[in-house]
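Let's take a walk through a protein model together, one piece at a time.

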Amino acid sequence: ASNIFVDTPTNDFDVSAAYSSDGQKMTGMTGTESSTMLRISGTLDGQSLTLPRDGFVYVLAGLTIAPIGALTIAPGTIIKMHPGAQPAVYGSLTLGDSASPLWTIVTSINDDSVGGDTNGDGTATSPVAGDWTNITAEAGGTVSLTRTALRYGGREARYDYVCQAYCGPTYFTYSQLVNHGGTLHVNDGRFTHALSSIDMKG
């Protein structure tokens with residue numbers, strides 16, 4: 001099924017709604033933000049959602065993938081992270097595909113070098129390390145990245161160790177990709193403009 005957004009006052013797609021989609025298109029958007037932007041938020045639970053490479057930018061904000069949720073992001077797609085974004089994956093998140101030569105980009109909403117001026121503020125903002133937090137593979141979750149570039153993430157995040165009993169104090173990380181008891185698969189990843197790349201403490 002496809003959801004078509006036409007002449008709507010916002011650019012929002014809440015994955016918590018009781019439907020799934022294998023494609024979204026939108027035209028005639030109003031407001032100051034780019035008409036080629038779709039903000040993805042909510043909890044993806046019991047659904048499989050694919051974000052196709054449709055010539056516009058997806059902005060992730062407050063996204064959680066529940067244990068029986070699955071999100072696939074097509075090769076060549078541009079993902080921009082809302083300030084402080086920290087997608088938590090308890091289910092499945094797949095970015096890119098080894099069968100495609102296209103790179104998937106995950107970057108800051110302030111990064112105008114790909115996908116244009118998504119936040120609609122001209123040159124008022126520039127991307128910096130720590131604009132967004134990280135992607136976290138939680139216990140039972142799987143994050144798979146292929147030909148994917150992560151940029152300008154790594155805001156300070158705090159975690160408790162995952163273990164059977166007490167196993168030490170809380171730790172802090174500045175990584176863009178964090179394994180917090182889940183599973184990470186990274187094939188041909190690029191991690192730039194951040195203090196750290198991958199945290200495997202668990």
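Start with strand β13: 8 of its 10 residues are buried, so the rest of the structure largely encloses it. Keep in mind that you're looking at a predicted model.

Who are the neighbours of β13? Strand β17, residues 183–192, pairs with β13 in the parallel sense over 9 bridges. Within that pairing, Arg-151 stands opposite Thr-192 of β17. Next, look for β10, which also pairs with β13 in the parallel sense, over 4 bridges. Here Leu-93 has Val-143 in β13 as its bridge partner. Then there's strand β11 (residues 104–108), which runs parallel to β13 and is joined to it by 3 bridges. Val-106 is bridged to Leu-150 in β13.

Now zoom in on Val-143. If you skip its neighbours within four places in sequence, Val-143 is in contact with Val-89, Leu-93, Ile-135, Ala-137, Leu-177, Thr-183, Leu-184 and His-185. Val-143 also turns up in the largest nonpolar core, which has 30 residues. There, Val-143 is one of the residues that touch the most other members, together with Ile-40, Leu-51, Leu-71, Leu-93, Trp-132, Ile-135. Several elements give two or more residues to this core, including β4 (37–44), β7 (70–73), β12 (135–138) and β13 (142–151). Which element gives the most to this core? That's β6, with 4 residues. Apart from this core lies another one, of 5 residues, among them Val-57, Ile-105, Val-114 and Ala-149.

On to the rings. Searching the whole structure turns up 1 aromatic pair. Tyr-159 and Tyr-171 make up this pair, and they're stacked, with 5.8 Å centre to centre and 25° between the planes. The two come from distant parts of the chain, 12 residues apart: Tyr-159 sits in strand β14 (residues 157–159) and Tyr-171 in strand β15 (residues 171–173). Are these two tyrosines buried or exposed? Both Tyr-159 and Tyr-171 are buried. For another ring, find Trp-103: Arg-190 lies over its face, at 3.9 Å from the ring centre.

Finally, how confident is the predictor? The average pLDDT is 84, and 81% of the residues score at least 70. Take care with residues 1–10, though, where pLDDT stays under 50 and the model has 30 contacts beyond four places in sequence. For residues 18–33, pLDDT likewise stays under 50, and the model has 64 such contacts beyond four places in sequence.

How values were computed:
Residues are numbered from 1 along each chain as its sequence is written. This is a predicted model: local features need pLDDT of at least 70, side-chain atom pairs count only at pLDDT 80 or more; totals for chains, interfaces and linings use all residues. Side-chain values use heavy atoms; hydrogens and water are left out. Rings of Phe, Tyr and Trp (its six-membered ring) pair if their centres lie within 6.5 Å; planes under 30 degrees apart count as stacked, over 60 as edge-to-face and the rest as tilted. Buried means under 20% relative accessible area, exposed over 50%, partly exposed in between (1.4 Å probe, protein chains only). A charge sits over a ring if NZ of Lys or CZ of Arg is within 6 Å of the ring centre and within 35 degrees of the ring normal. A nonpolar core is a set of buried Ala, Val, Leu, Ile, Met, Phe, Trp, Tyr and Cys residues joined through side-chain atoms within 4.5 Å. Contact means heavy atoms within 4.5 Å. pLDDT is the predictor's confidence in each residue, from 0 to 100. Two strands pair if DSSP finds at least two bridges between them.
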